[in-house]
Amino acid sequence: MNYTKEIPILPFKHFLTFDEVTDFVSELAAARPDLVTLTSIGTSREGRAIHLLTITDAETGKPEDKPAYLIHGNIHAPELSGTHAALYTARQLMVDHDKSDILKRVVFYIVPRINPDGAEFAVTTSGSIRSRTDRSEREANTLYQEDINGDGLILTMRQEHPDGSLVVDPKDPRLLIRRKKDSTGPFYRTLPEGFIHDWDGTDNIRVEGRSFDWNRNWSYDWRPEPEQGGAGDFPFSEPEMRAMAEFIHSHPNIFGVLGYHTGPGATLKPPSTGSDSDLDEGDVHVMDELAKIGSEHTGLPVYSVVKYHSADQRDINLRGHFHNFGYHHLGLFVFEFELGILKNSAGIKTEEILAAKKPEEEEEEMRRLMKWWDEQTERDEIYKPWTPFEHPQLGKVEIGGFLNRHLAGRTLPDLEGISKGTYQFTVEHASRHPRVIIEDVYADAVGGGVYRIKARIANRGHFPTNVSNKGRNLRRLRPVRVEFHLAPGVNLLSNKGHYHIGHIGGITDSRPLEWFVSAPSEAQKLCEIQVFGGTGGNMSVGVAK
Ligand SMILES: [Zn+2]
């Protein structure tokens, strides 16, 4: 078939607004309707569609009959790179379709921006919130970010204060560094740009009040606040996350999951709590092997979630987190890519960023960043000079400093290379899908209108249908089932029609199937063998005389 519309180019020039994301996913679907369907998993709190791209070759079967790989990005508002990386994979799967058979066998469900409201706040204002934008329940003496000087941006306010903990860096006057005992003034305190709600006039000003972190709102091992900051009111209390839960629950064919984030560059694997010894040993081996492949393609070092912290911190335990949900609840090998921050683009390695550092060393790192930025010819505006402003509550302040939306991600040209690597990893991970098939089907006439039907059900894919050892007894990973449907006029002589196969191991595992039927002489068709393969795909084979 000829398609008149070109697959659109994904420019790595600037982070995308909601409308730009919508245009791009619509163009993808319009260019190759045989490969891409655009729908949504639901609607955000502010009424934006949570786009879902379903990508597979329609000629080789319906999406729900194929093993499925789920990708989501941008759960955290400022982590806009995740949308770009997810869209890169969506597009590249289409572009590579003529030389790869992955879309013949697998369906990809891609939610490039699971948090469209938070992302819109970040991309348009450069303000910084973790996930939820709704801050209608305001707390007293708390500053809420807002563009107060009308330049469209949310930056930093600095104000001279006798107790201020910061001074201007003599080596780079754009930076503020820590005040020491012999520092000379002026001394500054900083706050995000915004207004203080119900202020009592004291210096005791909180920032942003209650915070929601949707990567603490997944159901497995969820804990309420204050045990787990950002958890929300209950698992999947947030509509966007609930839409994701309902989508996952209604798609039992999902065998692989990947999330995109934007911390210091890393390939993250489970667990999110405890240690590797809490997981099945064989599963840890597979996860290590896959994570290594991810790291080789991207250059992003491997960390388990519990170890992804600065070197002077203890191991972290994140409750209600995606990795534990994906492994313990879904039984899948689950990964997240932390795509990197601006420091990574400036040549500062994640290992250096996470190393235990004295404050002076951190300040030196920021000087390195600025020096690198000064040398760039094509660059985003990451810094605004300090400009005096009369704040209606605080009085004389200056507004300026870094644009968080750029500090929080790599440069876009740099992100393109990383996205290529994460795409290659995704294809390798997805190529290990289970593949349940019926082979060697035949019908023998044994005389007197009786036929013996034989076949074999096998999993010729890499992963078992239970994907991981953890998944073997989980209800979500449905065991394989064979239904035997007789053609009109045909009678079953065996005492068994349907087979409950259970899970089937990868590549070399198969089970024999056998039925005896009697058929009238005029009948051509004997039966239909239908397979419901759990994560291994569904299929149907007709058997004739
Ligand atoms: Zn994140």
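Visitor: What am I looking at overall?
Guide: A predicted model of a protein chain with 12 helices and 25 strands. Its C-alpha trace spans about 105 × 55 × 40 Å along the principal axes. Of the 545 residues, 56% are buried.

Visitor: How many of the contacts link residues 24 or more positions apart?
Guide: Taking contacts with a separation of 6 or more, 72% of them are between residues 24 or more positions apart.

Visitor: Let's get to the helices. What describes a packed pair?
Guide: Two things: the angle between the axes and the distance between them.

Visitor: What makes H6 and H12 roughly antiparallel?
Guide: Helix H6 is residues 281-298, and its angle with H12 is about 150°. Anything over 145 degrees counts as roughly antiparallel, so H6 and H12 get that label. The axes of H6 and H12 are 8 Å apart, and the crossing is right-handed.

Visitor: Where do H6 and H12 touch?
Guide: Leu290, Ile293, Gly294, His297 and Thr298 of H6 meet a set of H12 residues, among them Ile418, Gly421, Phe425 and His429. The residues in the contact of H6 with H12 split into 4 nonpolar, 7 polar and 1 charged.

Visitor: And H1 with H2: why are they called roughly parallel?
Guide: Helix H1, residues 18-31, packs on H2 at about 15°. The cut-off for roughly parallel is under 35 degrees, so H1 and H2 qualify. Their axes are 11 Å apart, and this crossing is left-handed.

Visitor: Which residues meet between H1 and H2?
Guide: From H1 come Val21, Phe24, Val25 and Leu28, and from H2 come Thr83, Leu87, Ala90, Arg91 and Met94. By class that is 7 nonpolar, 1 polar and 1 charged.

Visitor: Back to H12. How do you know that its length is close to what is expected?
Guide: H12 has 19 residues, and 27 Å is expected at 1.5 Å a residue. From first C-alpha to last, H12 reaches 26 Å, which is close to that value.

Visitor: Which residues of H12 are buried?
Guide: Among them are Leu412, Leu415, Ile418, Ser419, Tyr423, Phe425 and Val427.

Visitor: One last stop, serine 304. What makes it buried?
Guide: Serine 304 has a relative accessible area of 11%. Buried means under 20%, so serine 304 counts as buried. Serine 304 sits in strand S14, residues 302-304. Leaving aside neighbours within four places in sequence, serine 304 is in contact with Lys269, Pro270 and Pro271.

Terms used:
Residues numbered from 1 in each chain as written. Predicted model: local features only at pLDDT ≥ 70, side-chain atom pairs only at ≥ 80, totals over all residues. Heavy atoms only, no water. Helix = DSSP H or I, 4+ residues; strand = E, 2+ residues; numbered from the N terminus. Expected span 1.5 Å × (residues − 1). Buried < 20%, exposed > 50% of the residue type's maximum accessible area, 1.4 Å probe, protein only. Contact = heavy atoms within 4.5 Å. Axes fitted to C-alpha atoms, helices over the stretch in contact; angles between N-to-C directions. Parallel < 35°, antiparallel > 145°, perpendicular 65-115°, else oblique. Left-handed = near helix turned anticlockwise from the far one by under 90°. Nonpolar A, V, L, I, M, F, W, Y, C, P; charged D, E, K, R; others polar.
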